[in-house]
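User: Could you take one part of this model and go through it closely for me, saying where it sits, what packs against it and how its surroundings are arranged?

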Amino acid sequence: MALEAETQAIVDQFEFSDDDVNRAVKEFLRQMDEGLRKDGTSLSQIPTYVTAVPNGSEKGLYMAVDLGGTNFRVCSIQLLGNNSFRHTYNKVAIPKHLMVAKTAQELFAFLALEIKKFLQEHHNEDFEHHIRRRMTVSAPEGFRDEHIFRMGFTFSFPVKQVGINKGTLIRWTKGFDIPDAVGKDVCALLQEEIDKLHLPVKVAALVNDTVGTLMARSYTSPNKHGSILGAIFGTGTNGAYIEKLSNLKKGLAGEYDDTTGHMVINTEWGSFDNQLNVLPTTKWDDALEKGSINPGYQMYEKRVSGMFLGEILRLVTLELHNNPNVSFFKDENSSFNDRGSVTVIDRDSPLYKPWGVDTSIMSTAEADHDPELSALRQSLEKDLKIYAPAYEDALAFKRISHAIGRRAARLAAVAIAAVVIQTGKLDDPELLGEEIDIGVDGSLVEHYPGFRSMITEALKITEGIGESANRIKIGLTQDGSGVGAALIASVAASME
Ligand code: ADP
């Protein structure tokens, strides 16, 4: 009984009520507008210089590369023009020494060489043809323009984008550290090395992964109006959406095509409400904050995305376990425990390691509807090294996990609702009764059971949306850095 009451008290603290949702949506809209007016705000609202989204009829052969962390991906994408595509790709691990190379040139020369290998392996005919052409044609790089692959470059590090294929590196993250590259245009760095190898490739677009998701969804979605938002709920969270150029009040450094009247904006919404005006904060959120490498930043992301939910769950679980008033993962009769107490948690359990609990166990907990909770109890044993967990304890764990997941989904709905309202699409007379399409990607939204339906449930109680939530279609979209990047390259090429 004590455990049930304590569990309920914890669950209550993760409640994010209908009123809370509505207050947060208003604040999100305010911060979106602020970000469109000036720099240095909570929501960065970064202009991407992408001014059109595809409609599925685009055709052609494009390339895409993705440098985002441990691997470098090179692919070619054949857009078939009927909402579908074929793709071929190579993936190679970035050698550790290049992540901390002395000069940017060393890293980018490696990338260019991988592009060359890919062309030789998968497009040898075209490649040989280009090489022959090079001898006979006197275009600037020696190639005829129509024989040059347009390539989208997904570069998942903070950049200041100043044109569709131009952006300077602000800082490295994720284990990279090549000071020489900071402040330089990463597209130019790559192009230089490509040119040294005489490859028929032009870096046509610098791509953010959320923008890639939006483009990929627009291309593959059956909705003839395309998609209005690409959102990621994976390790981190972020979204890119289509904004009216007239709402974009801050100056744009580079040139762009203004004929569509729109531009894709990368919100960087992970940092929504860093001031904590409306975000919920429990003592476990505070504890996570103190142990994080960037206290005070990415406050929204820390309550929503995969990298953090497991850690919140870990902190709550340990506290409840240590509560002397309840029996939670304890066994009074246990003789095999080695902690001199009644715990059934192994001393090497990930529960004792900060950031040790993977968010995927929350999906296991959510999915388990077995009367004995067999799958969850197995996972507690195998993944968290909790021996023979009792049914009641597993149930308490499941309820707490659900509360954390539900709060995350309702917070995710806040961002989605604000973007939908900001675009005005639900009230557009031309779209009366039609579906409004949104593309989402990331392990959390893909694997956590009910994440999307909890989002829809929260959209239904949002003022300005209500029952129209049924018109908002949230579709899974993968390969934003492949086909999405290729599509941006195609849009960029059409504007050359
Ligand atoms: P990334 O965002 O880095 O491209 P993913 O979309 O795969 O990669 O997201 C990885 C994050 O998702 C990790 O934080 C991981 O803990 C979490 N995750 C992985 N599998 C699941 C799952 N089944 N349910 C919920 N979260 C998951």
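User: Please look closely at helix H13, residues 391-423. How many of its residues are buried, and which residues of helix H1 make the contact with it?

Analyst: This is a predicted model, and what I describe below is computed from its atoms. Helix H13 runs over residues 391-423, a stretch of 33 residues, and from its first C-alpha to its last it reaches 47 Å, which is close to the 48 Å expected at 1.5 Å a residue. The helix is mostly covered, since 26 of its 33 residues are buried.

I begin with the partner from the start of the chain. Helix H1, residues 2-13, packs with H13 at an angle of about 10°, and the two axes are 9 Å apart. Because angles under 35 degrees count as roughly parallel, H1 is described as roughly parallel to H13. On the H1 side the contact is made by Leu3, Thr7, Ile10 and Val11, and on the H13 side by Glu392, Ala396, Arg399, Ile400 and Ala403. By class, the residues of this contact are 6 nonpolar, 1 polar and 2 charged.

Alanine 390 is placed in the loop between helix H12 (374-384) and H13. Alanine 390 is partly exposed because 18 other C-beta atoms lie within 10 Å, whereas a residue needs 20 or more to be buried. The C-alpha atom of alanine 390 is 33 Å from that of glycine 236, and the two residues are 154 apart in sequence. At the other end, just after H13, glycine 424 takes a positive phi of about 70°.

Leucine 380, found in helix H12, counts as buried because it has 27 C-beta neighbours inside 10 Å. Leaving aside neighbours within four places in sequence, leucine 380 is in contact with Ile386, Pro389, Ala394 and Phe397. Leucine 380 and glutamate 6 are 374 residues apart in sequence, yet their C-alpha atoms are 20 Å apart in space. Methionine 454, in helix H15 (residues 451-460), also counts as buried, because there are 20 C-beta neighbours inside 10 Å. Again leaving aside neighbours within four places in sequence, methionine 454 is in contact with Arg406, Ala409 and Arg410. Its C-alpha atom is separated by 21 Å from that of threonine 282, a residue 172 places away along the chain.

The axes of helix H7 (residues 209-220) and helix H16 (residues 480-494) come within 7 Å and cross at roughly 80°, so H7 is roughly perpendicular to H16. The contact draws on several residues of each helix, among them Val211, Met215 and Tyr219 of H7 and Val483, Leu487 and Ile488 of H16. Its residues divide into 8 nonpolar, 5 polar and 1 charged.

Of the 15 residues around the ligand, Gly234, Gly306, Ser363, Ser443 and His447 come nearest. The elements that give two or more residues to this shell are helix H10 (306-322), helix H11 (360-367) and helix H14 (443-447). By class, the shell has 4 nonpolar, 10 polar and 1 charged residues.

Glutamine 45, in the loop between helix H2 (18-37) and strand E1 (46-47), has a phi near 50°, a positive value in a residue other than glycine. Glutamine 45 counts as buried because it has 25 C-beta neighbours inside 10 Å. Tyrosine 49, in the loop between E1 and strand E2 (59-67), likewise has a positive phi, of about 70°, although it is not a glycine. Tyrosine 49 is buried, with 27 other C-beta atoms within 10 Å.

Technical notes:
Residues numbered from 1 in each chain as written. Predicted model: local features only at pLDDT ≥ 70, side-chain atom pairs only at ≥ 80, totals over all residues. Helix = DSSP H or I, 4+ residues; strand = E, 2+ residues; numbered from the N terminus. Expected span 1.5 Å × (residues − 1). Buried ≥ 20, exposed ≤ 12 C-beta atoms within 10 Å, placed from the backbone. Axes fitted to C-alpha atoms, helices over the stretch in contact; angles between N-to-C directions. Parallel < 35°, antiparallel > 145°, perpendicular 65-115°, else oblique. Contact = placed C-beta atoms within 7 Å. Nonpolar A, V, L, I, M, F, W, Y, C, P; charged D, E, K, R; others polar. Near = placed C-beta within 6 Å.
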